[in-house]
Amino acid sequence: IDQPPQYLLFGGHRGCGKSTELRWLARRLNHPSRYFVVFLDVLDKLDMTNVRYSDVALAQAEELVDRLAVAGVDVPDVYLERLVGWFFQRIERVERLKEYSAEVEAGAEGGLGLPFLGKLFAKVRTAIKNKSSYKDELRREVRDNFAEFAEACNQLLGYCCEAVQKQGLGRSIVFVVDGLDRLEREDAPAFFLHDIHQLKLVRTHVVYCAPIHILSEEGQIGQNYDGVFRLPMLKLADKGGQPERPETWDSLRDFVDKRLPLRFFDDQATVDMLISRSGGHPR
């Protein structure tokens, strides 16, 4: 837990239960003696047909702020000012965004605080997701000045890690990011391989759900990530007509039961028939 930030990948075949496992992992890790977990499902937050690393970072920051607010973590304005200032400096640099900036700034009359910062993140992310007329300019400003954004995030994260420890909410902060396995095939290498150095500018523990074809890029993955975990295909029986593997069948019966309780089947033989036809592929 007290190690430097770790960046982990988690993947498997589509439909094999990755999201179920990640949600279980998030619940398991979220404990005062372990982590303060920030769970992000990018399918709810972003347009998956056009996702960049900067979009995900914005969504993570938004989810962090919302999670802290719900948990009752008080963050002094001094740790928020740098992020808020960064946004307005970047937005006001573009002529087309000045009206947008004024609209956002009007919401700051009641002071900063986590609620205002959360609304700011949400407004920027929503503008990018919904393909607004100024989406490209907004995204370009975030991407071109991402190092400054990461530094401001790190200042906030540093304080928040200490705060959650003092309040007994966890010994550190970890992000669990689900849904990135749905990236378009041509977008996934850019996100997970080419842009990993930008992602690592935000110094925090992260578990990313990745497409299975990315996990096969062993050379680059091994160099850039601290660990790779894959949900396996299951071997129903050995070759050459050897006996079936009872432990595998028991595992798959448990898997089916979690998705559709076994009491809804007419007979266990029906469940076993489905397992046999699956060939060990959970989907």
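1. Basis of the note. The model is predicted: local features need pLDDT of at least 70, side-chain atom pairs count only at pLDDT 80 or more, and totals for chains, interfaces and linings use all residues. Residues are numbered from 1 along each chain as its sequence is written, and side-chain values use heavy atoms, with hydrogens and water left out.

2. Overall composition. The chain has 14 helices and five strands; helices (H or I, at least four residues) and strands (E, at least two) are DSSP runs, numbered from the N terminus. Of the 283 residues in the chain, 47% are buried. Here buried means under 20% relative accessible area, exposed means over 50%, and partly exposed lies in between, with a 1.4 Å probe and protein chains only. Among the contacts in the chain with a separation of 6 or more, 76% are between residues 24 or more positions apart; a contact means heavy atoms within 4.5 Å.

3. Five strands form an open sheet in the order 2-3-4-1-5, with parallel pairing. Two strands pair if DSSP finds at least two bridges between them. The edges are strand 2 and strand 5 (227-230), each of which pairs on one side only. On average, neighbouring strands of this sheet are turned by 15° against each other, direction ignored. For such angles, axes are lines fitted to C-alpha atoms, for helices over the stretch in contact, and the values run from 0 to 180 degrees between N-to-C directions.

4. Strand 2 and its partner. Although strand 2 is an edge strand, five of the six residues in strand 2 (residues 36-41) are buried. Strand 2 runs parallel to strand 3 (residues 173-178), and six bridges join the two. Along this pair, Phe36 stands opposite Ile173, Val38 stands opposite Phe175, and Leu40 has Val177 as its bridge partner.

5. Six of the six residues of strand 3 are buried, so strand 3 is largely enclosed by the rest of the structure. In a regular strand the side chains alternate between the two faces of the sheet. In strand 3, Ile173, Phe175 and Val177 point one way, while Val174, Val176 and Asp178 point the other way. Strand 3 is also joined by four bridges to strand 4 (residues 205-210), and these two strands run parallel. The bridge partner of Phe175 in strand 4 is Val206.

6. Helix 3 against helix 6. Which relative direction do helix 3 and helix 6 have? The axes of helix 3 (residues 53-71) and helix 6 come within 9 Å and cross at roughly 150°. The two helices are therefore roughly antiparallel to each other. Angles under 35 degrees count as roughly parallel, over 145 as roughly antiparallel, 65 to 115 as roughly perpendicular and the rest as oblique. Helix 3 passes helix 6 in a left-handed crossing; a crossing is left-handed if the near helix is turned anticlockwise from the far one by less than a right angle, and right-handed if clockwise. Residues of helix 3 that meet helix 6 include Leu58, Val65 and Leu68, and those on the helix 6 side include Leu117, Phe121 and Ile128.

7. Helix 6 against helix 7. Helix 6 (residues 113-129) and helix 7 (residues 135-144) have axes that come within 8 Å and cross at roughly 125°. These helices are therefore oblique to each other. Their crossing is left-handed. Val124, Ala127 and Ile128 of helix 6 make the contact with Lys135, Leu138 and Arg139 of helix 7.

8. Cysteines. The structure holds zero disulfides, a disulfide being a pair of cysteine sulfur atoms within 2.5 Å. Cys160 is in no disulfide, and the nearest cysteine sulfur, that of Cys161, is 7.3 Å away. Cys161 is likewise in no disulfide. Cys160 is buried, with a relative accessible area of 0%, and Cys161 is buried, with a relative accessible area of 19%.

9. A point near the start of the chain. Is Pro4 buried or exposed? Pro4 lies in the segment before strand 1 (7-11) and is exposed, with a relative accessible area of 59%. Pro4 and Arg203 are 199 residues apart in sequence, yet 8.4 Å apart in space, C-alpha to C-alpha.
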